[in-house]
Amino acid sequence: MLWNMLMLASREIRRNILRSGLTILGIVIGVAAVITMVTLGGGATERIKGDIGKLGFNLLIVVPGVERKGGGGLIPGAEPFEMADVEAIREQIPLVDSAAPVSVHPVLAVAGNRNWQTMAQGSDNAFFRTRNWPVKQGRQFTPNELRGGKAVCILGESVRRELCGQRDPIGDKIRLGRLSYEVVGILEAKGQSFTGEDQDDLVVLPLRTVQRRVSGNRKVSMIYVSAESESATPRLKDSLNRLMRERRRIPADADEDFSVRDLKEISELIEQTTGVLTAFVSAIAAVSLLVGGIGIMNTTLVTVTERTREIGTRLAIGALEREVLLQFLVEAAVLSAFGGSVGIVIGLTSAAGLAAWMEIPYMFDVKIVAAAFVFSALVGVVFGCYPAMKAARLNPIDALRHE
């Protein structure tokens, strides 16, 4: 019986192709928009997680100064760190996998007739482990180079490209500011961060080289600290807060003059924000499903009016009310399910194209697709109930008299 009803429903839909197409337009738009938004939201979340992972595993960043309320960077005026602070972190906190001091200064890099404004970051070999950033070509710094503050450097991929093109620069000399440095390594490319910053636009120097030749002091701009495991990150953050308060002699009732940034917390916050925005936009798009449901109800009511004599004839020769009711419900469900199927195809195609254009991963989720199809069919059933009940309750005699 159900198969016969499906065949009858398909025949009625084909009989009025244009009207059926206009009826399901709201369903198509709603389903396509929801699938597109949810897929892009999932891709954006994965992109952000991947970008934060590029910064380093289980990474905490200790910086002097406190965050402004509502964002906007750090409040200036706090004293920078010293190398002794880094040594204390390495020796006194057992949860630390590695800790790297960093001193950051803008410099003009020059090689031949090319120049490029970049950032010089002074550190030691712990920088590469803490940031999960291997040297793909050449080598890291030797102990003698670190102790003596030798004029050597390791280039980020963007600096290498801008200064040297496709040429291998290992062993060449480049000028940073007024002094020349030998290139001993090239960092593996990381690309843009989740904030849009080019992570490869840097030159890494031995910390003492930066302190002696660039900054002229022994201060440390920030400290990168990686935890031995992801589960240890919250405890490590607490330990860092306690140690730095002690070393900077901050009273118990006073606020810190430093900040410990947990990239995992930043990642979770961004994921939550992305999820809320995706849900909000999807909810707006889902209004089209409501519009489509109203369209199905309207079309089914018109169909009941057009087929009143047919309904009367079926009831007069013995058809049950529930059979008539089920027939119109099936027609409404088939109509909306077909609209949902078309919307799914359009949504997935649009999401794939937009994901490629936005350079984010394409995250196909079969659960979302299945839920969209089922929900679109349910819309047809819900909004088809009233017309179907109206058809089932027609008086056969009055229906046969209908012109």
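Tutor: Let's start at the end of the helix: just after α9, R249 takes a positive phi of about 55°. Before we go on, this is a predicted model, in which local features need pLDDT of at least 70 and side-chain atom pairs count only at pLDDT 80 or more, while totals for chains, interfaces and linings use all residues. Residues are numbered from 1 along each chain as its sequence is written, and side-chain values use heavy atoms, with hydrogens and water left out.

Back to R249, which isn't a glycine. Most residues other than glycine have a negative phi. R249 sits in the loop between α9 and β12 (258-262); helices (H or I, at least four residues) and strands (E, at least two) are DSSP runs, numbered from the N terminus. R249 is exposed, at 73% relative accessible area. Here buried means under 20%, exposed over 50%, and partly exposed in between (1.4 Å probe, protein chains only). N132 has a positive phi too, near 50°. You'll find N132 in the loop between α5 (126-130) and β5 (135-138), and at 32% relative accessibility N132 counts as partly exposed.

Which residues of α9 are buried? They are T233, L236, K237, S239, L240, N241, L243, M244 and R245.

A nonpolar core is a set of buried Ala, Val, Leu, Ile, Met, Phe, Trp, Tyr and Cys residues joined through side-chain atoms within 4.5 Å. The largest one here has 22 residues, and the members touching the most others are V62, I89, I93, I223, V225, L236 and L240. Two or more residues each come from β1 (59-64), α4 (83-92), β3 (96-111), β11 (222-227), α9 and β12. The largest share, four residues, is from α9. In soluble globular proteins, nonpolar side chains tend to be buried together.

In α4, E87 and R90 are three residues apart, about one turn of the helix. Their side chains meet in a salt bridge (3.5 Å, N to O), meaning a side-chain nitrogen of Lys or Arg within 4 Å of a carboxyl oxygen of Asp or Glu. E87 counts as partly exposed at 30% relative accessibility, and R90 is partly exposed, also with 30%.

R90 forms a salt bridge with D124 as well, the closest N and O atoms being 2.9 Å apart. R90 is in α4 and D124 in the loop between β4 (114-123) and α5, so this pair ties together parts that are 34 residues apart in sequence. D124 is buried, at 14%. Together, E87, R90 and D124 are linked in a network of salt bridges. Across the whole structure, a search finds eleven salt bridges.
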